[in-house]
Each structure stands twice: as C-alpha cells, then as structure tokens.
Amino acid sequence: MSPWYKIIRLSKDKFQAEGFLVIFSKQSDQCDEKKLITLKKVFADDNLYQLIISGQEDTGGLRSLLSLPQMVLTSYHLGVTDNKACAASEALSLFGLKCMVSSFKIFKLEEEFNPLIFGNPLVENIRLISALDFKKWMGQCDHTFIANKKINPQVTVFNLDLSENELIKLSAEKCLALNPNELRAICQYFNKNEVREYRKSQGLPIHPTDVEIEIIAQTWSEHCKHKIFNAEIDYREDKIFQHKKFGDIKINGLFKTYIKKTTEEIIAKRKIPWAISLFTDNAGVVQYEEDVLACLKVETHNSPSALDPYGGALTGILGVNRDILGVGLGARPVANFDVFCLTPPHFPQIFEEGEMLVGVCHPQKIIEGVHKGVEDGGNKSGIPTVNGSYFFDADYLAKPLIFVGTLGFMPTVLSEGRRPAEKNIFPGDLIVMAGGKVGRDGIHGATFSSQELDTSLKTELSTVVQIGDPLTQKRLTDFILRARDLNLFRAITDNGAGGLSSSVGEMAQMSGGANLRIDFCPLKTDGLKPYEVVISESQERMTLAIDPLKFEELQKLAKLCAVEISCLGEFTDTQYFSVFYQDEQLASLPLAFLHQPPELKLKAVFKNQNFRSLFRKQIKKEIVKFENGFISLALKTLLNDPNIASKEEWVRRYDHEVGAKTVIKPYASEFNSPNGAGGIKSKEVVYLLGHGLAPKWSLLDPYLMAIRSVDEAIRNIVAAGADPEMISILDNFCTPDPVSSPKNSQGEWQLARLVRANIGLQEVATAYGTPLISGKDSMKNDFSGKNLAGELVKHSVLPTLLVTALGKTQEEFMNKGSFINQDDLVVMIGPGISKNTFVLSSLEENMQTPRNFESFEDLYQIDLKENMNCFKAIYELHKLEVFSSLSDVNEDGALVNLFELLMGSKVGAKLTIDKNKQDLFKLFFASSLATFIGTIGAKKLNIVQDICLSFQIPFLLLGQIQKSYQLDVESSKIAEKINLSELENIYRKAFTPGDK
Amino acid sequence: MNATVLILAGDGINCEEATENAFRLQGLQCKTVLINQLISRPQILDEVQCLALPGGFSFGDELGSGQILALKIKATLKDELKNFAQKKKPIIGICNGMQALAKLGLLPFPFEGDNNLSMGGNVQGHFINKWCKIEYHKNHCHWIKWADSKYLDLIEQYPYLPIRHGEGRYLFKNQNILEKVEDQNLVVMRYSENQNGSQNKIAAITDPEGLILGMMPHPEAAMELSLLPMKKAFGPGPGHLFFNSIAHFLKQ
C-alpha cells in the first residue's frame with residue numbers, strides 16, 4: 001500500500017480545523033522522512049496553526065481535539081470539485097511528490113446535531129464522530145480515489161418502437177425533457193427511408209443511440225433553444241378582465257415580435273450606429289467610445305442554486321464570465337453584478353416550519369451560500385462586483401432566482417486587423433477544448449433546469465450540482481486573452497448548458513459540420529459513458545476552433561498558463577454532427593435536423609389576477625394613520641425591512657474595485673451611502689450599470705411590471721449621470737411554467753402574463769428608444785413535491801423580469817455619491833411629484849394603507865414621453881454639475897431615498913411642504929416613475945427651475961439642508977422632528993450577515 | 001535607458017494590469033510575465049531593475065494566502081531571487097504579493113528565517129473591501145523616500161487607500177520580532193483605526209535596507225482621485241507616491 005498521511009491544521013486563535021488526506025502514489029520514491037519535511041513545508045505555519053500529522057508525535061493539537069466529546073467531520077463526495085485538495089496536490093508536486101489529496105473539515109458540535117448546519121449533504125459527507133472514533137479514524141486511510149479515468153465505451157440504443165405514452169415516460173425517467181411533439185418529430189426522422197439508408201451506410205443502428213438522443217435533448221432543451229420564446233402563440237383576454245385590453249393577438253414568436261423587431265425598429269428609427277452585434281452571439285455588443293467594444297450578458301442559475309446555493313451561484317458567475325470570454329473572439333470580463341430574489345431570511349416567522357419544501361435549502365442557507373458563491377467567483381478571478389441587489393418575497397420559496405451578469409471589454413481591432421466580433425470556422429479546423437476536465441458533475445443541467453424542480457429525483461440531483469473552480473477559470477482567462485491577441489484561434493465559445501454537445505454542435509454550423517472525437521477528452525472520473533462525456537456540463541471549459549498549423553503554438557501557450565488543452569476532432573463540411581470513440585461512430589445527426597426543433601404552438605389567456613398568491617398570507621400590519629408621528633414610524637418600519645435595510649456588511653465582502661476602474665462604487669461618500677448604479681471607467685467614458693426589478697407588479701399586471709422594471713433600470717443610471725440617448729437594456733425573464741399540460745393547469749394564464757410583460761417591454765423600450773441588446777429566459781421556476789409537513793405542494797415564483805441597463809457618462813460630471821454642502825437645497829424632479837401610487841410601494845408591504853384613494857385605472861396613467869423628457873432634463877442638469885447628491889425615487893419612497901443621501905454626508909434636512917396630508921404622504925412614500933430626489937447648491941435653484949420648465953417637467957423645492965443630523969418636516973397639519981442617527985442605527989443593523 | 005519593472009502574473013494573480021499601469025505612469029518600462037515564463041527563463045530577472053508581486057488570489061489562496069505562490073518561487077527561483085535582492089534591486093508586494101513576501105521570508109528580515117511574519121485571517125473572519133485612513137511613516141524605505149513633494153502633499157490631503165483582503169492581519173512570530181521591527185523603524189504604514197486586528201495597526205512594512213516594501217492596501221487602485229469614494233475630486237491620486245519614489249530611486 002502507498003504511504004499516506006492525514007494532516008490537520010488547527011487554528012491557534014479560534015476553533016477552526018481543516019484537514020487533508022494525502023496518499024502518495026508509488027512513483028514518489030522519497031523516503032518517509034523527506035516526505036514529512038515536504039508536508040510540513042506545504043502545510044505548516046507555526047504562527048497560525050497547530051499541525052497534526054497522523055502517526056507523528058502530537059504537539060498538543062490532537063490532544064485538544066480529542067478533548068472534545070464529539071466532532072462533526074465533513075468531506076466532499078467522490079467526484080465533487082475539491083479546490084483545496086487540488087491546490088494541495090499542486091503544491092506537493094512542486095517538490096516532486098505525486099499524490100492524491102482530499103480535504104476535510106472538523107467542526108465543534110455546539111448544539112444538537114443537524115447535518116444541514118455544517119454543509120450540504122448533496123455535495124458533502126457530513127458525520128458526527130466521537131473522540132474515540134476520531135482517534136481510530138486518524139489511523140485509517142478511508143478515502144477512495146478515482147484511480148482510473150477511462151471511458152466506459154458502452155452505448156445503448158434508444159428504442160423508438162414504443163407507444164407515445166411509453167416514450168413520454170422514458171423521456172421523463174431519463175431527464176430528457178422532450179415533449180410529445182418533439183418525440184414524434186424524432187420518431188419521424190428516424191423512420192425516414194433515406195435516414196435509415198444513411199445510418200446503415202455509417203454503421204449506425206436504425207434507432208438513435210443514447211449519444212444521439214441525449215444530443216438532441218440537450219440541443220432542443222428549453223434552456224438552449226428557448227422554444228417558448230419562439231413559439232406561435234394565440235393570446236386572448238378573458239371577459240372578466242376590465243383593464244388595459246389588447247384584444248386577441250396572434251404572435252409569431254415573442255422573441256421575434258417583441259424583442260428583435262422592436263430593437264431593429266428602434267435602431268432604424270434612431271439611426272443608432274453603436275449597436276454592433278445583437279442576438280447572434282454569447283452576449284450583446286455595443287460601442288460607446290472609439291476603441292472599445294462593450295459586451296454585456298446576464299444569466300440565471302436558479303435550479304442549481306436551490307440545491308446547492310454556494311456551488312450554484314459560484315458556477316453561475318463563472319459561467320457568465322465565460323459567456324463574455326467567448327463572445328466574438330473573446331472579451332475581457334471587467335465587472336460583475338448580481339441580483340438575488342430570495343425568500344425573506346426571517347422565514348419561519350412568516351410561515352410555519354412545515355411549509356418548508358423538502359430538498360430545498362433553508363432561506364438563511366441560500367442567502368449565505370449564494371453570497372459566498374458570488375464573493376468567491378468574483379474575488380478569486382479578479383473581477384469586481386460593482387452592482388446588485390437583494391429582493392425578498394415569500395414566493396421565491398419555490399426557487400431562488402439568482403441573476404448574475406458580466407460586462408466585458410474588447411478592442412475594436414485585433415492583431416492582423418481582425419474584427420473581434422467575427423468568427424469563422426473552416427473545414428479541417430481542429431476542435432480544441434481548453435480548461436477543466438470532464439466529469440459526471442453537471443450531467444443533464446440543461447434539461448433539468450427545463451423542468452420544474454422535483455427534489456425526489458435523488459440521482460439527478462447529485463449530478464446537476466457542481467462547485468466551480470475560480471483558479472482554473474482565471475488561468476483559462478489568462479490563456480484565452482493571450483491566445484486571442486496572438487491570433488491563435490478562429491472561433492471560440494464556452495461550454496455551458498449541454499456541454500460539448502451544445503458548444504461543438506453550435507460551432508459546427510459555422511463550418512458545416514463536425515467530427516467530435518472523445519478519445520483524448522481529459523476526464524476527472526472513471527467509467528463515463530460516451531453520452532456522458534458529450535453532454536457533461538463540467539465547469540471552466542471553452543471550445544476553440546484552431547487552424548491545425550497553430551496548434552503547436554497554442555499548446556506552448558497553454559502550458560505556460562497552466563491550462564490543459566486537448567484536441568477533440570475536427571470541423572467538417574459534411575452537414576452532420578458526428579461523434580466518434582476509437583474510430584467507431586456513435587452519433588451522426590444532420591445539422592438541419594438538430595437545429596430545427598419542432599415549433600411550439602401555445603395558447604395564452606389573460607384573466608383577472610389573484611392579488612395575493614397562496615403564500616402571501618395576510619401579515620398583521622399596522623394601519624396607516626396620517627397624523628403627527630407617522631413619518632417617523634413609517635421610516636423606522638421601512639428601514640427595518642430587509643428589502644431596504646443596509647446590505648453594506650454583505651456587499652463589502654465582494655471585491656468591488658479590483659482592476660482599478662470602479663469609479664462609482666456600491667458604497668461611497670464620506671459616511672458610506674449606497675449607490676444605485678455601478679460605474680466602470682474605460683479609456684474615454686464611464687460605463688454605468690443599473691438594474692430594475694418590479695416583480696410584485698406582475699401580481700397586478702405583468703405589462704406594468706415590464707414598464708416599471710425598464711424605467712427603474714434607466715433612472716438608476718440616469719441618476720448616476722447617464723446619457724439617456726445612449727442606453728442599452730437587457731431582459732431576463734424568470735417565470736412559472738407557461739406551457740399548459742395536464743400537470744400544469746395554469747399554463748395558459750402564465751403564458752398570458754409573459755405575453756403582457758413582453759408588450760410592456762416593447763412599449764417602454766420604443767418610447768425610451770433603448771435597444772434590447774441581449775436577454776435570457778428561464779421558464780420553469782416551479783416546485784412540485786412535498787413540504788416538511790408531508791403534504792404534496794406545488795409552488796411557483798413571482799413572474800420576474802430583471803432589466804439591466806448599460807449607459808455611459810463622463811467622469812467630470814458623473815454622480816458617484818453624496819457630497820452635500822450645508823447650505824444646499826432639497827429638490828424633487830419628475831412626474832412622480834403628482835403621479836404616484838401607494839399600491840405595491842414598500843410602505844404598503846409593511847403597513848396597511850387605505851386603498852380608496854387609488855383606482856386601478858390610476859395605475860395605468862403613465863406618460864412615457866414625459867418620463868423620457870425627465871431623463872433628458874436630468875442629464876442636462878448633470879452636465880451643468882448642479883447636483884451635490886441625487887437618487888432616483890424607487891418603491892421605497894422619496895423619503896427613504898433622501899435618508900440615504902443625507903446619511904452619506906451626515907447632514908439633516910428641513911422640509912417645508914405645502915400639501916394636504918394625503919398628498920404629502922404619497923409624495924414621501926409612494927412609488928413613481930422617472931422621478932428623482934437630490935440636493936443642489938442654493939445658487940443653482942434658478943437654473944434647475946429653468947431647465948425643468950424647458951423640458952416641461954414637474955419640479956418641487958422640498959426644503960433645505962441643515963447641519964444637525966435630523967429630519968424636520970413641516971406642513972400646515974404636520975410637524976415632526978426625526979433623529980437621523982436613530983434611523984441610521986436601524987438601517988445598518990436590520991440585515992447583517994453572521995461572521996462566517 | 002529607463003529602468004524596467006518585472007511584474008508577475010498568472011496562477012491567480014489578478015492586479016498585474018493595474019500595477020503595470022501604475023509604474024508606467026511614472027515613465028518606467030514594464031514587463032509583465034507569467035510565473036511559468038519566468039521559471040522557464042529566470043535570466044529575465046537579470047534584465048530588469050525592479051520586481052513587483054501584484055495582488056490577487058494566487059492558487060485561490062487555498063492553503064493560506066500567498067502560500068503556494070511562495071512555495072512555487074522557493075522551489076524554482078530561490079537562488080535567482082536571492083541574487084536579485086542581494087543586488088539591491090527593489091521589490092514590492094501588494095496584498096497577495098505582500099502575503100507571498102512574508103511566506104518567502106523576505107520580510108521583515110530577508111533570508112533570516114521564513115517564519116518571522118504570518119498574515120493571519122482578519123479578525124472579522126472574512127474578506128473586506130474598504131477604503132481606510134492611513135498614517136504614513138516617512139522612514140528609509142525607498143518606495144516613499146524619494147517621492148516628489150507634490151505626492152507627499154497628496155497623501156497629507158488624501159490619506160486614504162483601499163484594502164481588499166481576507167487575510168491581512170500582520171502577526172509576528174513573537175514580541176521580540178515585533179519590537180525589532182518597530183525599533184528599526186520598518187513600519188511604513190499603519191491604519192488610523194485597526195481594520196483587521198493587525199499587530200500595532202500595521203498596514204505595510206519594509207526591510208532594514210528599505211528596498212522591499214510589503215503592503216496590504218492597494219496603491220495601484222488609488223492612482224486617480226476619481227477612484228476615491230469619499231471625495232469628489234480629480235487629478236492624480238495618493239497611490240502615486242510609491243511608484244514615483246521608486247522611479248526616482250531607479251534613476252539614481
């Protein structure tokens with residue numbers, strides 16, 4: 001047996017213990033003493049740890065561990081990415097020691113044993129161990145490693161001679177997510193005579209091999225082909241529905257009609273020259289300055305994050321980084337942003353414990369996990385996290401929505417005059433995979449996420465869950481960008497959903513075919529079947545098309561960058577995508593068939609909405625009484641809401657300025673107030689990133705949600721100084737299943753909601769003249785299964801549209817924080833001064849407000865033209881540098897937004913307002929569109945009024961700044977003095993993370 | 001001929017570009033190379049006059065920050081690096097680079113044992129990105145000694161730099177070493193308020209010769225006032241000090 005050691009590092013200052021099992025391979029011929037010296041070199045730091053090495057004399061560490069009556073041991077399951085172990089193995093190899101390493105952790109047991117506190121059983125082995133057993137365990141080499149890493153060449157034939165019902169059942173069992181129509185199309189294809197002839201000539205069975213059926217399933221998955229967004233839809237409105245009617249509509253694809261066509265019309269009408277590449281590549285590409293192309297992409301990683309929040313968010317962020325790395329000929333990721341839609345952290349207070357869903361992580365674990373995932377994903381690969389938000393709503397219990405986005409930069413011209421947005425592949429070019437190895441992790445990710453979350457599918461769960469490896473990804477980034485600049489590849493794309501089947505299958509369209517040869521595919525596990533190799537979504541991989549003459553140079557570069565690359569066949573012009581193993585053909589599918597899934601035909605019926613879904617139980621809320629003391633009470637209540645309370649403690653764990661380009665940071669000003677938008681400086685301009693989210697409005701009408709989301713994203717960056725005539729937006733839809741089926745009786749209604757959101761998106765994008773440059777959709781955000789009480793339940797998320805806005809401004813007049821002077825004036829600008837709604841404001845979520853003063857019709861009183869004028873007015877004012885602070889007014893209300901500005905400069909304000917009580921409260925706490933609150937120098941008042949007048953925009957002088965940190969409000973009926981220190985205390989303490 | 005600075009990259013280092021930019025702003029030539037490139041051709045060290053270990057997450061900080069990077073350098077470039085330092089060529093380590101310098105035993109007393117200084121985890125137990133008020137000690141360190149007076153004025157007016165680390169707590173082997181560091185005036189920067197539990201609020205130290213500077217804050221991210229979150233101002237930022245000073249030193 002090979003020599004092995006268990007090594008534990010026990011922190012000296014607090015109880016923290018991590019360990020490693022190191023097994024030396026036979027080739028390591030050093031004597032044991034030499035090995036021990038190396039082990040100490042690698043693992044010891046006497047200032048920080050006590051080192052325990054199995055079989056060696058104890059220097060006190062082991063004794064102190066054994067003094068614990070019980071410990072909890074956690075280690076990763078076989079095949080799960082273990083970054084610590086990989087690093088340790090690499091470190092030992094520096095000294096000529098070849099070994100296999102696994103890592104483990106030891107925890108103190110402070111209360112009753114609950115494995116979920118210590119880790120995630122899906123990825124980790126978590127067990128309780130007594131001191132006695134621990135001593136024994138230290139003497140055992142108990143971890144098995146994957147010694148052989150070979151393909152199991154077994155290929156089975158997928159028998160199509162079954163009844164339709166049997167096929168449907170089989171599709172579900174194998175996690176193929178193929179619908180009856182698609183199964184029929186597959187049968188039809190394989191039954192064709194010419195196909196049978198062809199297959200015979202190729203030595204393939206008549207029926208598809210498992211490799212083929214899996215390639216089809218991945219390629220046709222909702223995740224990859226967005227069938228719902230391309231479906232033909234019959235939309236109609238139920239007679240009961242009274243408001244904002246669009247009548248019957250026949251829609252030839254939501255994407256084509258509302259996204260692509262809208263954008264093309266906007267570009268044509270406005271003669272926009274800066275939209276460079278839209279809809280065809282991994283990300284949208286725009287040009288806001290002479291030498292730089294900006295690429296933007298936002299993804300969701302909902303299903304993986306529900307099961308393993310840390311791994312889900314980490315692989316999400318690394319995945320969207322690779323989208324940017326794979327756009328055109330490769331862009332450098334320069335900024336990340338993330339938006340989490342989650343169940344409130346104080347979950348058990350709103351629900352009964354029994355309502356928790358079996359197999360879905362606890363909300364607290366989800367927040368901690370996704371937060372840590374984004375932290376590691378960004379920090380460890382050197383990409384700043386510049387913007388984001390947390391949005392809490394009970395309906396995200398079904399699935400957390402984890403939006404992750406990345407901005408990338410690419411030069412306008414590459415070496416040898418190549419245009420970076422162009423990709424070409426020629427027959428004979430090599431298929432080269434770069435980066436990570438292929439394992440069983442991530443199999444069926446694309447099809448899994450194209451279905452509702454069913455946590456009873458244990459075997460699938462463990463394979464779809466993955467942990468990312470930021471180090472491999474960073475090395476891959478170093479490699480790709482260098483290879484790009486040396487002109488070493490012709491085309492590139494990332495390996496995301498569907499793995500090689502998708503990346504090679506898609507690239508094959510550029511040359512007209514591909515022969516994928518999996519013989520030399522690097523593996524990290526043993527016994528993978530060919531179909532698993534082809535569809536595995538193992539992380540940190542890119543696929544390249546290489547001129548064979550450049551392969552050697554590419555290999556040299558890869559070695560310097562410590563990146564593994566392998567040649568996996570060649571691109572062809574046969575019009576077929578074929579897969580080979582040891583020269584045997586395992587799959588051969590024509591590209592025309594593979595990339596033309598049968599179109600869906602769907603029905604959509606809109607009806608009056610349930611204002612509150614199942615989970616939105618009436619929470620006891622205080623009733624609003626418009627009287628003295630109310631403003632203070634309302635502010636205290638609002639600032640204590642986790643949706644509003646400070647996230648600074650969380651966000652400061654993200655590196656938000658690596659790269660030294662973040663000029664607008666998440667928190668700025670002398671006393672740290674939050675910024676709505678993030679700003680990244682490039683050569684000549686500052687890129688602004690903002691986002692809008694109004695999912696609660698989908699309860700009323702998703703049409704309104706879309707308008708409000710776009711407005712928020714845009715006013716976010718306009719507040720920061722954006723030129724409203726140079727804004728690009730991205731749409732990310734996350735909806736409940738909109739396809740009607742016996743299992744989904746709500747499908748037609750859900751689809752109608754999606755249609756209305758698209759109509760809203762079209763209207764607002766057209767009115768604001770902002771092209772939709774990229775987008776993504778995730779359509780199965782439902783849960784079906786048991787809750788802890790044992791009841792079968794089905795839950796769906798709020799239909800959610802995240803809008804991301806990318807704009808530009810100039811450093812000289814950008815708004816990077818609150819810099820208020822003591823004699824400044826407080827002003828409000830925009831239609832919201834009179835047009836605003838209490839409905840769905842944050843105050844209404846927290847307190848009961850009288851509804852009688854707002855009709856349903858009021859909610860549709862939106863003048864998009866006026867809004868756009870307001871954006872233009874604000875931009876003019878920015879250029880005149882009138883603002884010492886400015887924020888857009890969001891659903892939290894103008895007063896909360898003002899509070900944040902005052903906090904940044906630690907000053908107070910005295911507001912004197914001549915309005916009746918009801919209007920006063922609406923002014924302070926209602927939500928509105930295209931409206932801003934801020935401070936200006938006293939001398940600038942005239943000019944601000946003049947500009948507002950010339951743009952015909954409402955303006956209101958609210959009062960003036962005062963030195964004392966206090967907010968005074970005076971009107972004819974109300975007089976309040978509110979201590980801002982007290983408010984700040986609430987705001988900063990309401991939602992803080994634990995120190996973990 | 002202008003002096004050339006060698007800037008290390010690869011294996012998870014991620015501040016090489018910003019660091020290169022900081023040196024270039026002082027008119028210095030820069031050569032950014034992957035660690036593996038340097039290992040395959042260590043003579044590069046003879047061709048340059050200054051070495052920078054930028055910030056980042058080398059090897060994912062998996063066995064402790066800077067640990068594997070230091071091991072890799074020790075295993076492959078030990079003699080060359082020693083030679084470099086003995087030729088009195090200046091070295092700077094920023095953040096992860098500082099952590100590696102400590103693990104390499106280059107700070108505080110070069111080649112006098114590896115374990116005099118460790119960078120412990122922040123007392124808060126996690127990563128922090130924050131701008132801190134800094135107190136400078138104008139000692140013999142060549143990375144601040146030769147700076148133009150305008151940059152000295154700048155750090156008076158804007159005594160801020162950002163920290164971005166999870167393990168930035170200076171922890172010396174024992175009280176003796178700490179006292180020796182203080183007695184020899186090796187502390188270059190302290191936090192005005194302790195940010196991470198660092199002994200004596202230390203943020204940066206140099207060696208007795210003043211050639212090696214190891215600092216946890218990121219000067220390369222403070223090269224322009226527009227990057228300072230707490231002020232609305234434009235022009236060169238407080239980060240210039242170090243790069244300007246060493247540029248003068250290298251021209252001597």
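**Exercise 1. Find which strands helix α32 of chain A lies across, and its angle to β39(A).**

Solution. Start with the helix: α32 (residues 941-950) of chain A lies across β34 (825-829), β38 (932-936) and β39 of chain A. Next, take the direction: the helix runs at about 160° to β39(A). Here axes are lines fitted to C-alpha atoms, for helices over the stretch in contact (heavy atoms within 4.5 Å), and angles run from 0 to 180 degrees between N-to-C directions. Helices (H or I, at least four residues) and strands (E, at least two) are DSSP runs, numbered from the N terminus.

A word on the model before we go on. It is predicted, so local features need pLDDT of at least 70 and side-chain atom pairs count only at pLDDT 80 or more, while totals for chains, interfaces and linings use all residues. Residues are numbered from 1 along each chain as written, chains are lettered from A and ligands numbered from 1 in the order written, and side-chain values use heavy atoms, without hydrogens and water.

**Exercise 2. Work out the strand order of the 7-stranded open sheet in chain A, and why one side of β36 and of β41 is left without a neighbour.**

Solution. First, write the order: β36-β38-β34-β39-β37-β40-β41, with mixed pairing; two strands pair if DSSP finds at least two bridges between them. Then look at the edges: β36 (883-888) and β41 (975-979) of chain A each have a single partner strand, so one side of each lacks a neighbour in the sheet. From one strand to the next, the twist averages 20°. Finally, zoom in on one pair: β37 (residues 908-912) and β39 (residues 955-962) of chain A are antiparallel over 4 bridges, and L911(A) stands opposite G959(A) in β39(A).

**Exercise 3. Describe the interface of chain B and chain A.**

Solution. Begin with the residues: 58 from chain B and 62 from chain A take part in the contact. Now the area: the chains bury about 4,700 Å², 53% of it on carbon and sulfur atoms; this is accessible area (1.4 Å probe) lost on being put together, summed over both parts. E62(B), L63(B) and N129(B) supply 14% of the area that chain B buries against chain A, more than any other three residues.

Last, the charges: the rule finds 9 salt bridges across the interface, each a side-chain nitrogen of Lys or Arg within 4 Å of a carboxyl oxygen of Asp or Glu. A salt bridge joins D45(A) and K103(B) (2.9 Å, N to O).

Key:
Buried area = accessible area lost by both parts, 1.4 Å probe.
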